[in-house]
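Have a look at the sequence and the model first.

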Amino acid sequence: MAFRGWKWLLLLGRQNTFAKAWRSRRGGPSLRWKRCCHWSAGKSLDPEVRAFLEENTEVTSSGHLTPEIRLRLLTPRCRFWREKPDLWPYGDPFWAIYWPGGQALSRYILDNPCVVKGRSVLDLGSGCGATAIAAVMSGASQVLANDIDPIAGMAMILNCELNHLNPFPITIKNIINSEAGNWDLIVLGDMFYDEQLADGLHHWLRKRIRIEQTEVLIGDPGRHQFLSHSIHSQLHKVIEYSLPEYTRQENNGLTSSIVWSYQPSNSLESC
C-alpha cells in the first residue's frame, strides 16, 4: 500500500487513538502511552530510535507554508511511503506529517512574531514540533511542546537540531482535563477530528481562558468535524492561507488553512 493510502489510514486512526487517550481522563493517556515522559535540553535520544528516524525520514523544507523550517517527515522518497503500515515498528507516525492546520499556525507566528515574543507558549498536540519551533524562532520566552507519542518527542528533538535550536521542553502525556500551568498562549492545529475530543478541548480551553486569561489560536483547514462543532461559532478568523500544491495533494484536495482566535484581541493584529 502506498503511503498516500497509509496517510489516509493515519487520519482515520488519529480520530480513534487520540480520542481514546483523552477519554481515559483520570488515568491520563491510554495504556499505549501510559508512561509519562518529559524531555528537556541536554537529554540524549535512544541511539537506536535516532538511527531509525534518520534512516526512514527525509529532511525537507519544501511543499509547505514554512520553508524557513526544516523537518524530518515521511515523503515519497522514504521507504515507508511504499511499505505496508504494519511494518512501521512504533506507534502510528502522525508526527511525520506536517498537517495543514499546523502549517498555518507556524506561518502566522513567523510572519507576526509579536504574537509570541516574550510570552509563554504551549503547543498542544505538537506532532513534528513545527509550531513550537516557529514560536522559539519568533522570540517566545518559554515554549512547551505536548504530544501523547514518545516517538513524536524524539522527532521534535531531531527537528530542533535541524533548525539549530536548543530543544525546548517536551511533555509526553494527555494534559486535556488537567492543570497545564499558566500560559500566555495555547496553540493547537488539526485537533478537531473527533466529536468527544472536540467537546473536551472546548471545555478545557474555555476553562484556561476563564481562569488564566490565556489566549488560544487554532489552526484547521476546514474539516467537517471542526466546522460543525459548537466552538466554531465562538471563533474569530485571523488569517487564511492558500496551501501549496504538494500539501493539497497530501490532504485530499484541501486548498487552504485558517488560523482562528478563540479569544479575539488586539494583540493578534499584524506586527
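**Salt bridges and cysteines**

Q: How many salt bridges does a search of the whole structure find?
A: Keep in mind that this is a predicted model. Side chains of opposite charge can pair when their charged atoms come close. Searching the whole structure for such salt bridges gives a total of 13.

Q: Which residue forms a salt bridge with Glu58?
A: Glu58 sits in strand β2 (residues 58-60), and its partner lies in the loop between β3 (71-73) and α3 (100-111), so the pair ties together parts that are 19 residues apart in sequence. The closest N and O atoms are 2.9 Å apart. The partner is Arg77.

Q: Is Glu58 buried or exposed?
A: The cut-off for buried is under 20% relative accessible area. Glu58 has 19% relative accessibility, while Arg77 is exposed at 63%. Glu58 therefore counts as buried.

Q: How many residues apart in sequence are the parts that Arg119 and Glu215 tie together?
A: Arg119 and Glu215 form a salt bridge, with 3.6 Å between the closest N and O atoms. Arg119 is in the loop between α3 and β4 (120-124), whereas Glu215 belongs to strand β8 (residues 215-220). The parts tied together by this pair are 96 residues apart in sequence.

Q: What is the relative accessibility of Glu215?
A: Its salt-bridge partner is Arg119, and Arg119 counts as buried at 17% relative accessibility. Glu215 also counts as buried, and its relative accessibility is 12%.

Q: What is the N to O distance in the salt bridge of Glu240 and Lys237?
A: Glu240 counts as partly exposed at 38% relative accessibility. Lys237 is partly exposed too, with a relative accessible area of 39%. Their side chains meet in a salt bridge with an N to O distance of 2.6 Å.

Q: How many disulfides does the structure hold?
A: A disulfide calls for a pair of cysteine sulfur atoms within 2.5 Å. Cys128 is buried, with a relative accessible area of 4%, and Cys160 is buried as well, at 0%. The number of disulfides in the structure is zero.

Methods
Residues numbered from 1 in each chain as written. Predicted model: local features only at pLDDT ≥ 70, side-chain atom pairs only at ≥ 80, totals over all residues. Heavy atoms only, no water. Buried < 20%, exposed > 50% of the residue type's maximum accessible area, 1.4 Å probe, protein only. Salt bridge = Lys/Arg side-chain N within 4 Å of Asp/Glu carboxyl O. Helix = DSSP H or I, 4+ residues; strand = E, 2+ residues; numbered from the N terminus.
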